[in-house]
Amino acid sequence: MVRIVVDAMGGDNAPGEIVKGAVDAVSRKDGIEVILVGKQDVVEKELGAYSYPKDRIRIVHASEVIETDEPPVNAIRKKKDSSIVVGMNLVKNGEADAFVSAGCSGAILVGGQFIIGRIHGVERSPFGALIPTEKGPAILLDSGANVDARPAHLVQFARMGSIYMEHVIGISKPRVGIVNIGAEEEKGNALVKETFPLLKACDDIHFIGSVEARDIPHGGADVIICEAFTGNVILKMYEGVATVLIDTLKKGLMSSLRSKIGALLIQPALRASMKDFDASKLGGAPMLGLNGLVVKTHGSSKAGEVSNSIIQCVTFKEQEINEKIKASLRVESEK
């Protein structure tokens, strides 16, 4: 049984969509126990609306909630009975295997680093956002954790991202690319120029060189490496463009009687195509390199994304991703 802590109070749609997602996850997947952490009476009320296996969802009370506008370090230190702190301590103490939250990104980052802690030898733990591309999902890391990364950090990101994509997503020899402003090796800022030859020298990853931002949606790489400032800009632009395109398409299809008729004819094919670019079905962003798994979902997550994030944790545990990361670090240290 994989035990997954879910922050019932985190996110714009908590606790309703979070609880709904937890119920959906245990209905879809055997071998999961969900521990909902939050205000007991509030979570119990939400659970009361559903039928679910009582032995696979339980509640752990936490009286406090960390809000998105709170300074993360102070919030983690002062709100010891918050859903994030209580939930992460369950993972730290071995009472759970993973922690999922749509709550404050900063608090999740700080809590992951200081409560659960990094694997020995991991210098930085990146957020790895899973993004849809023309060729299937890719992982973008770092997508929000370390804005001042060094070349050695990016090399570790590449190794951890490759392990994740091969064993969780199922891509053999995932292609690793570093975000750059051109394909030529001599291009880029100081960080990219210093990191490029280090990645090129790694014989345990499939490094393909630079990848430009325009190539990412086309599936230019399976593991996309950059520091967090660049990664977060790419991620937010990706999400924004997708929203604008969908809204513009809807307006165009509804603009006249002829377009409405056409919309009815193409609707089945359009829906099937759009499913391939639905980021919510990929789950959340794993924080790689910690002693336990932490997954950050969008603040606006609905039940579907929460459910997928919970199920994502099962594959991570079954494939022993942390053990594979530790083995990779041991091999590197022996060279």
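Q: In this predicted model, which residue of β6 is the bridge partner of L130?
A: Strands β5 (residues 129-131) and β6 run antiparallel and are joined by three bridges. Within β6, L130 has as its bridge partner I139.

Q: Which residue in the hairpin of β5 and β6 takes a positive phi?
A: The hairpin has six residues between its strands. A phi near 115 degrees is found there at G136.

Q: What is the bridge partner of I139 in β9?
A: Strand β6 is joined to β9 (residues 223-225) by three bridges, and these two strands run parallel. In β9, I139 is partnered by V223.

Q: Are the side chains of A138, I139, L140 and L141 in β6 buried or exposed?
A: A138 and L140 point one way from strand β6 (residues 138-141), while I139 and L141 point the other way. Buried means under 20% relative accessible area. On both sides of the strand, these residues are buried.

Q: Which strands stand at the edges of the six-stranded open sheet?
A: The sheet has the order β3-β2-β1-β4-β11-β10, with mixed pairing. Two of its strands have a single partner each, so one side of each is left without a neighbour in the sheet. These edge strands are β3 (57-61) and β10 (285-287).

Q: By how many degrees are neighbouring strands of the open sheet turned against each other on average?
A: The strands concerned are the six in the order β3-β2-β1-β4-β11-β10.

Q: What angle does the direction of helix α5 make with that of β11?
A: Helix α5 (residues 105-116) packs on the sheet and touches β4, β10 and β11 (293-296). The angle between the directions of α5 and β11 is about 175 degrees.

Q: How many residues apart in sequence are the parts tied together by E33 and R58?
A: E33 forms a salt bridge with R58, with the closest N and O atoms 2.7 Å apart. E33 lies in strand β2 (residues 32-38) and R58 in strand β3, so the pair ties together parts whose separation in sequence is 25 residues.

Q: Why does E33 count as buried?
A: Buried means under 20% relative accessible area. E33 is buried because its relative accessible area is 15%.

Q: Where does D222, the salt-bridge partner of R175, lie?
A: The side chains of R175 and D222 meet in a salt bridge of 3.1 Å, N to O. R175 is in strand β7 (residues 175-179), so the pair ties together parts 47 residues apart in sequence, D222 lying in the loop between β8 (206-211) and β9.

Q: Is K200 buried or exposed?
A: K200 meets E185 in a salt bridge (3.1 Å, N to O). Over 50% relative accessible area counts as exposed. K200 has 53% relative accessibility, so this residue is exposed.

Q: Which residues does S328 touch, not counting residues up to four places away in sequence?
A: S328 is found in helix α11 (residues 321-334). S328 is buried, with a relative accessible area of 16%. The residues touched are R159, I163 and D204.

Q: What accessible area do L257, I261, L265 and I266 have together?
A: L265, found in helix α9 (residues 257-275), counts as exposed at 69% relative accessibility. The four residues form a nonpolar patch on the surface, and their accessible area together is about 440 Å².

Conventions:
Residues are numbered from 1 along each chain as its sequence is written. This is a predicted model: local features need pLDDT of at least 70, side-chain atom pairs count only at pLDDT 80 or more; totals for chains, interfaces and linings use all residues. Side-chain values use heavy atoms; hydrogens and water are left out. Patches are made of residues with over 30% relative accessible area and no salt bridge: like charges are joined within 9 Å, nonpolar side chains (Val, Leu, Ile, Met, Phe, Trp, Tyr) within 5 Å. Accessible areas come from the Shrake-Rupley method with a 1.4 Å probe; for residues, only the protein chains shown count as cover. Helices (H or I, at least four residues) and strands (E, at least two) are DSSP runs, numbered from the N terminus. Buried means under 20% relative accessible area, exposed over 50%, partly exposed in between (1.4 Å probe, protein chains only). Two strands pair if DSSP finds at least two bridges between them. Contact means heavy atoms within 4.5 Å. Axes are lines fitted to C-alpha atoms, for helices over the stretch in contact, and angles run from 0 to 180 degrees between N-to-C directions.
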